Structures are given as C-alpha cells and as structure tokens.
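Please look through the sequence and the structure below before reading on.

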Amino acid sequence: MGAYRRLIRALTTHSFLPIRTIQEEPLTPLFATTWTRGMRMVATSQAALDAAAERRRRKRKLRIEPPLNALQRNRDYARREAMSNRNSKLPEPINVLVGERLSLHNRIQTLCRAGKLEEATLGVKHATYSNCRPTIFTFNSVLGNLHRAGQHDNAVALYKFIKQAGVIPNLVTYNIVLGTHCERLDLEASFDMLKTIYEAEMTPSTVTFNHLMKAHFRLNKYEEVMRLFREMLEKCHGADPPTYAATIEGFVKGEAMHQAEELYLEMRRRGSIFSEPVFCNLIRGFFKAGEVQKALDVFAFIPEKFEPTVMSYNAVMDGFCKADRMQEAFEYLEKMGERNISPNGASYAVLMSGYIGRGELQEAERLFGSMVAKGCVPDAVVYNTLLDKYLREGMIADVERLFDEMVAERRDPDEVTYTMLIDEYSKLGKLDEALKIFGRMIEVGFKPDVAVYNKWFGVLCKEGKLEEAQKLVQAMVEGGQKADVATYDVLIEGYGNEGRAEEVKNLFLEFLQKGNLTEELEKRLGGKPQETNVAGEAKPTMQAAEAKVEAAV
C-alpha cells in the first residue's frame, strides 16, 4: 500500500524522483518496479499451480496403470501359484488369472461364446497337462456353458476330470454341478454334492439351495422345500428378495398355500423387502383356494410397503371374476379411478374373461367396444380373449373379422395370437391358411422353437406335401435353428413312405457339412467330416484326441 500511495503522490504533484546520471545504473521508475514485482508473483504462483497439477496427474496414472515390473513377473508368478496350489486343499484365488493363464481363459471363453463347447472342453483338458495350466475359473466357464446348453453328462464328466487332475473346485464349481444334478432330478447326487460342500469347509450360498428347492418343486415335495428354506436361513443368515419371491411363486403354483402363507408371515416378521409380484401371486393363490379374506388382507397390507399399481388391482379383479363376483370386480375398477390409476388392457381382459366365463359374450363385446371411448387402447391380450372364445365356439367368420381389424388398426398380434390361429386352421384342415399365418409369424420377427417346426413337418408329411416340408426345414435352418433328432426322424418317415428317403439323407448331409445339426444328431450321423491340414492329411478326430487326454490322466 505504501508504494501505491507514493505513486499517486508523485503523479498528483507532477514531481518525479531525481534521475541519475548516464554513467550510473539507470533507476527504474517506481510504478514500473511495482508492476514487475506483481508479474513475478503471478508467474511464481502459476508455476506452483502447474507443478501441483503435474503431481496430481502422476498420482492418477499410478493408480490406473500397474507398474511394469508387475507385468513382467506375471508369468513366473502364475506358474509358481499353480504349482503351489497342486498340493493345497484351497481353491485358487482370482489373482492367479494373469499372463498366459488369462490368455488361455479368454481363448476358451471365445470358443464357448461361439457354441463350440466340445472344442472348449478338449482345450482345457489338453492345457491341464501343459506348461499353462488352466485355472478353476476357466473350468467353471466351460462347466457353466455345458450346464446352460443342457449337456448334463458332459458337465458331470468334466467335473470328474477336474477332480482327477488335482484342480481344487470352488463354490461356483460345486453349484454348477449340483444344479446339473437337480436338472436331471437326481436328488441323491445333489445331496451328495451338498455334503461335499460342507466337507470342503465351505458355506453354501442361496444359489445352492435354490437349485435344490427348484428340483423339489418339480417333484411336488413342498415339505422338503420348507426344510431346505429353513436350512438356508440358518446357513446363509437369511435370504434375498428374489429367493423369497421365487419360493412363494413355486408354492402358489403348486397350490401349497399353507407353506406360502408361512413364508409370507416370515417375510413380514423379518422386515424383508417385498415386491409387487409377490403380493400378486399371494392374492391369486388365496383367491384360487377360496380364501378371499386372506387375499384382501394381503392387498390391504401393500400400502404399508409402497403404493399399489394397476398390477395389484388386476390381481384382485381377476380373483373376483373367477369367483363369479363381477360387481365387486367393477368396484375395484372404480377404486382405481379414485386413486388416479388408469386401467390397462389387462384390466379389461380380466373383466371380459369374467363375462365370457358366465356365458355373457355380448357383455364382453360391449366392454371391448367401450375401451377406446375411455382412452384405453386394446392390445393383443384383449384381442386374444375374444379370439379364444370365438375359436372355441367355432365362430370362424368372427375370428377372421377380428383378426383383420387387429391388423388394420396396427395392433401387433403376439405369439399367442398366431399359435391359436394356426392350431385352429390345422384342425379344420385349412393347411394353406395355417401356413400363411405361420410364414407371417416368422416374417414379423417371432422365432418358433424346433418343436413347433417338427410338429409342422409331421402335418405336412402326413398330407403328402413334401416340397412344402423341405422349404420349411430350409427356412428353419436359415433362421438360425438347428435340426435335431426328431426333425430327422419325422422327415425320414415322411419321405420314406413316398420312397424318397435318399433326398432327406442328402439334405441332412448338407446340413452336417454346414454345422446346422445338433450335437446329438451329428453323432448319430457319424460326426462331422474330417478336416485336412496343409499337407492334405486328415486331422485327428476330436474323439481320438480326447481319448489321448483321458489316457494321460
């Protein structure tokens, strides 16, 4: 401040400091000195800021990028870890998945994603006795893909190979194999695997018990499901909301409402997180069991957790309609309006089904006509409700009229719509009409499974329309589906009756060359043709190579 005051004083009095002689060092005016000092301070502070920014940049870089010496030691580290784990009873940690073992893992996963599970299985078996030993995570990747592809025998065989090779399984390995046994309903092997998990001093997860409970649901053993659920609560210290929801849904589907209610009360006691599908399943289950008051009690409890939506109201209306209490169903429709909840197509479909169940088709048609006036656009579910009634009553003219209206109004039919029409036209012997609808179904993007195609092949062969059957099987393969054993048997029988079995054999040999057959059918037809190497010699088959690996074990 003193320098500025002197500068102002000098300017106002028009008197400057005396200037030195030329021989002396020139004296810088006071205001220039002040400006220079200020610029030096600014330059110094900017340099400090740049240095701080550089330090922060270096720290971020160190946090993101590992040091180079860590990358260089990955190979030796992974090899040492693999050798040490051979004599250990503990599964390998995730940090061994580095270097060459990580590269192997990525190659195996690429094969699995491409659907080449046989090559992936053979690849991990070969690598087990090489310098790059696969990790348990690589084995789990192949096991999981085999399980999801339904190749249960191959999954169990690979697990046995893992045990023979001395690779220590982890909990994911056990869960995959246990799930495979449960899919085959082999409960003895499933419980043996659970015992193995306990013997390995591991704690089963909710996935473990979900596999077991799902198998018992399929066998209608609901008491055993409850026992497993209690054991899961004890071992896993509780259950997650999806597990509660799936278990309650299984009890409701099996009409075991006593167990479903017990589980529902347990959720309330524990303060578990509820989802709306859980409440809807309970409401439908209690209505079906004739316990209307319990269903309404569940509906009354919903606002304590969250605001009910149209889904919950539809569940209550559906229960009343099936109980032939239409007036109360319409009361809940009015309550929706009072809460500013707009009914959707499913709401009207439920009410229309109630009228149809009472034989009042005209009332259902009247309700259908009033939807648009009330601002609700009918969807495929609503149309399917009327179409199903027309088909059951043999009202084909009304079916065609309603379907044409559906297409004209650009209400996209769903898979149920097409399936109903195809089945009805097939029963009436109108195969040309049924084929047109089936072709349109494929054109709009629906992808029927192989079982649906096989059904069509049988119908066409029975009617002697072999050319149409051949065109359809070509379309199926071009659409990405693979022909299975049932496809082969149906077409061989149909063409064989006409003395044209060789045509089908040649067609399937062509499919075999292109890889358009399932593995089961490939084995039945003798396997894929052998590939040749650069010298023109036949490469060894996968079975021969696998036999060598087994011999090495």
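Asn175 is found in helix α9, residues 171-183, where helices are DSSP runs of H or I with at least four residues, numbered from the N terminus. The model is predicted, so local features need pLDDT of at least 70 and side-chain atom pairs pLDDT 80 or more, while totals for chains, interfaces and linings use all residues. Residues are numbered from 1 along each chain as its sequence is written, and side-chain values use heavy atoms, with hydrogens and water left out.

Asn175 counts as buried because its relative accessibility is 8%, the term meaning under 20% relative accessible area with a 1.4 Å probe and protein chains only. Leaving aside neighbours within four places in sequence, Asn175 is in contact (heavy atoms within 4.5 Å) with Ile197, Ser205, Val207, Thr208 and His211.

Thr208 is also one of the buried residues of α11, among them Phe209, Leu212 and Phe217, and what covers the buried residues of this helix includes α9, α10, α12 and α13. Helix α11 (residues 206-218) is followed by Asn220, whose phi is positive, near 60°.

As for pLDDT, the predictor's confidence in each residue from 0 to 100, the chain has a mean of 80; confidence is highest in α9, at 94, and lowest in α30 (residues 542-552), at a mean of 41.

Methods. Helices (H or I, at least four residues) and strands (E, at least two) are DSSP runs, numbered from the N terminus. Buried means under 20% relative accessible area, exposed over 50%, partly exposed in between (1.4 Å probe, protein chains only).
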